[in-house]
Amino acid sequence: MAAQRGLTNSPLRILEEALGTSLTAEGEASDAAAAEGAYYLEQVTITEPSEDDCEYEEIPDDNYSIPEGEEDLAKATHLVQEHTTDTKILEQKTILPSKHATQEAIEDFLCNFLIKMGMTRTLDCFQTEWYELIQKGVTELRTFGNVPDVYTQVMLLESENRNLKKELKRFKQAADKAREDLMKTQKQRDFHQMHHKRIIQEKNKLVNDLKGLKLHYASYEPTLRVLHEKHHALLKEKMLTSLERDRAVGKDSEFPVYMQPNSNVNMYKESLCPAKFNYRLHNIFRLHELPVSCIVMHPCKDILISCSEDHLWRMVDLPNGNVLLTGRGHTDWLSGCCFHPSEDKVATSSGDSTIKLWDLSNGDCILTLEGHNYAVWSCTWHSSGNFVASASLDMTSKIWDINSERCRYTLYGHTDSVNSIEFFPFSNTLLTASADKTLSVWDARTGKCEHSLYGHMHSINDATFIPQGHLIASCDARGVIKLWDFRKLFPIVSIDVGPSPGNEVNFDSTGRVLAQASSNGVIHLLDLKSGEIHKLMGHESEAHTVVFSHTGEHLYSGGSDGTIRVWF
C-alpha cells in the first residue's frame, strides 16, 4: 500500500517541481475551505514589462490637413478613413476573454508542457509509464483533479500577450504609413500654397497691365472718334456712288400695283380635261447620271426641263424625250428651275449658292446672281418677268431685280433653311416653306412678312398654290400633306401618307388632283373632292419631283436613279 501511494504521489511531485509550488498543500487548503463552507478566487492581472524602447508622439489634429486644390479626392478620402480607423484601434481597450472554460487535467497539462518545451524523450517515458499504471489499475484519473485556475490564466495571458504584440507591430506599421502620408500631404499642401501665391502675383501683374492698357487706349479715343466719323462719311459716299452706278447700269424695276390675270389660262382645261387617277407607267427617259432634282413644264409647249445633281439641265421635247438643249455652267448640283413668263428664258438655282438666267435660244448663261451664303434650294419668277425670288439654306430669301441686276430685298424671319419659294400668280405675294416647320406669306414690294402658318410638326420640304389660287398645299419630312385656305390663312385638312418624306407637291390643271413625290418611290395622288388616295408604283428608288402635263393626260416624275418616268 505504501508502494502504491509512493507511485501515486510521484506525478504530483513532478507537477510540483514543474510548476514550482505544492499541489498537496493547495489541495489541503481547498479541503479546509470546503469544510468551512465557502471559498473564492481572486483575479490577478500580470503585467509584462515592455520589450521595445519605441517612443510614440501624438500627432496634433491641426497638423493634419488636406492640401488645398487636392486633385485626387478619392485618395484624400481614403487617407482620412485610415486615420480614423487607426485612432479607434489605438483607443480601444483590451478585453480579457471569459474564464468559464473547462479546466485542464493534470496529465494533459504535463503532456502539453513537455510538448511546449520540446522534451520529447521525457514525454515518451512519461506516457509509457503513465498508461502502464492506468492499465494495471494502480491509479485513478479522478484522484488527481484538474490544474489550478491560475496556471490556465497564465497560459491565456501569454497567448493574449502574443496577440497584443502582433497588434502592436501592426499599429506601428499603420502609424509609420500614416506619418509618411501626412508628410506627403503636407508637402503637397505647401506646393499648392506656393502655387497659389504665384498665381496671385501673376493676377496682380495682369491687373496692373490691364489698367495701363486702359489708360493707353484712352489716349487713342480722340483719334478713333475722328476715324469713325471719316468711316461714316465714306460709307455715305459709297452709297451715293452705288446709286449712281445703278442709274448708269439700269433703272430699278417697279412692282406693278395691279395685274390683270389671264382668264383664259385654265378655263378650258377644267371642262375638257376631267380628273384622272388611273395612270400607268408608259416610258422612261434616261437623261442624267445622277438624281433628278426638279422637272418643270413649258407654259404652253410640250417641252419639259429637268435639273440634276450632275450640274446640268436638259430641255426635252415630248412625247419622244429627245434632248433639245443642255445647260452647263453651275459648279454644283441643281435644285430648282422656273420658266420666264415670256417663255424665252429660264432661271436655275444651285448648290453653288447662285441663281443663273439662261437664254433658251442657244442655252447660254446671260446673268449670274450671287449673294447667298449657302446652297439655293428654289427659285421662282414674278408674273411681270422683272423679278426672280430665291430660297436658300442660309435661312433667307432674296428678291432680285433683273434690270438692275441686284438684290432688292432680303427676307429675314425663318429660323432654319428655306426649302421652297413661289410667287402667287399675278400678284406681289410670295410664299416660302422652311425647315423651321412654318409657311410664311411675304409682300414682295416691302420685303416684310405678312403672315406665318403653323401646323406642321416636321421640316416642310415644298409648298405650292392651286391654279385657282384659293388653296395652298404643303408636304413635310414625315409625309404629311396639309391643305390651307389662302383667303383665311387657316389649315383645312391634314393627310398622313408617311412615314416616308414628301419631297414635292403639285396640282393638276383642274385643281382637283394633288400629286406628291415620296422618298419611298411612290407617287401619291389625292382626290380633293372624295379624299381618296391613289398610289403609282414604278420608281425603283426615291421619287424627288412630280409634275402634270398641260392637259393632265400625262404625269412626269423624276427619281434618284437619274431617270424621268412618263405615266399615261
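Phe-486 counts as buried at 16% relative accessibility, where buried means under 20% relative accessible area, exposed over 50% and partly exposed in between, with a 1.4 Å probe and protein chains only. This is a predicted model, in which local features need pLDDT of at least 70, side-chain atom pairs count only at pLDDT 80 or more, and totals for chains, interfaces and linings use all residues. Residues are numbered from 1 along each chain as its sequence is written, and side-chain values use heavy atoms, with hydrogens and water left out.

**Aromatic rings**

- A pair of aromatic rings is described by the distance of the centres and the angle of the planes.
- Rings of Phe, Tyr and Trp (its six-membered ring) pair here if their centres lie within 6.5 Å; planes under 30 degrees apart are stacked, those over 60 edge-to-face, and the rest tilted.
- The structure holds 8 aromatic pairs; one of them is the tilted pair of Tyr-279 and Phe-548, at 6.4 Å centre to centre with 55 degrees between the planes.
- That pair links distant parts of the chain, 269 residues apart: Tyr-279 sits in the loop between α7 (267–272) and β1 (281–286), and Phe-548 in strand β26 (residues 543–548). Helices (H or I, at least four residues) and strands (E, at least two) are DSSP runs, numbered from the N terminus.
- Tyr-279 is buried at a relative accessible area of 3%, and Phe-548 is buried at 6%.
- The ring centres of Phe-465 and Phe-486 are 5.1 Å apart with planes at 75 degrees, so this pair is edge-to-face.
- Phe-465 belongs to strand β18 (residues 460–465), while Phe-486 is in the loop between β20 (480–485) and β21 (490–496), 21 residues apart.
- Phe-465 is buried, with a relative accessible area of 5%, and Phe-424, Phe-465 and Phe-486 form one aromatic cluster.

- Lys-276 lies over the face of Phe-568, at 4.7 Å from the ring centre; a charge sits over a ring if NZ of Lys or CZ of Arg is within 6 Å of the ring centre and within 35 degrees of the ring normal.

**Helix α5**

- The 17 residues of helix α5 (residues 120–136) should span 24 Å at 1.5 Å a residue, and the end C-alpha atoms are 24 Å apart, which agrees; the expected span is 1.5 Å times one less than the number of residues.
- Leu-123, Phe-126, Trp-130 and Leu-133 are buried in α5.
- Seen down the axis of α5, the buried residues fall within an arc of 105 degrees, so they line one face of the helix; the arc is that of the directions from the helix axis to the C-beta atoms.
- On the other side of α5, Thr-120, Arg-121, Cys-125, Gln-135 and Lys-136 are exposed.
- Just after α5, Gly-137 takes a positive phi of about 75 degrees.

**Backbone details**

- Most residues other than glycine have a negative phi, and most peptide bonds are trans.
- A cis peptide bond joins Leu-318 and Pro-319, with omega about 5 degrees, and another cis peptide bond joins Gly-498 and Pro-499, with omega about 10 degrees.
- Glu-343 is not a glycine, yet has a positive phi of about 70 degrees; Glu-343 counts as partly exposed at 26% relative accessibility.
- Ser-353, also not a glycine, has a positive phi of about 65 degrees and counts as buried at 17% relative accessibility.
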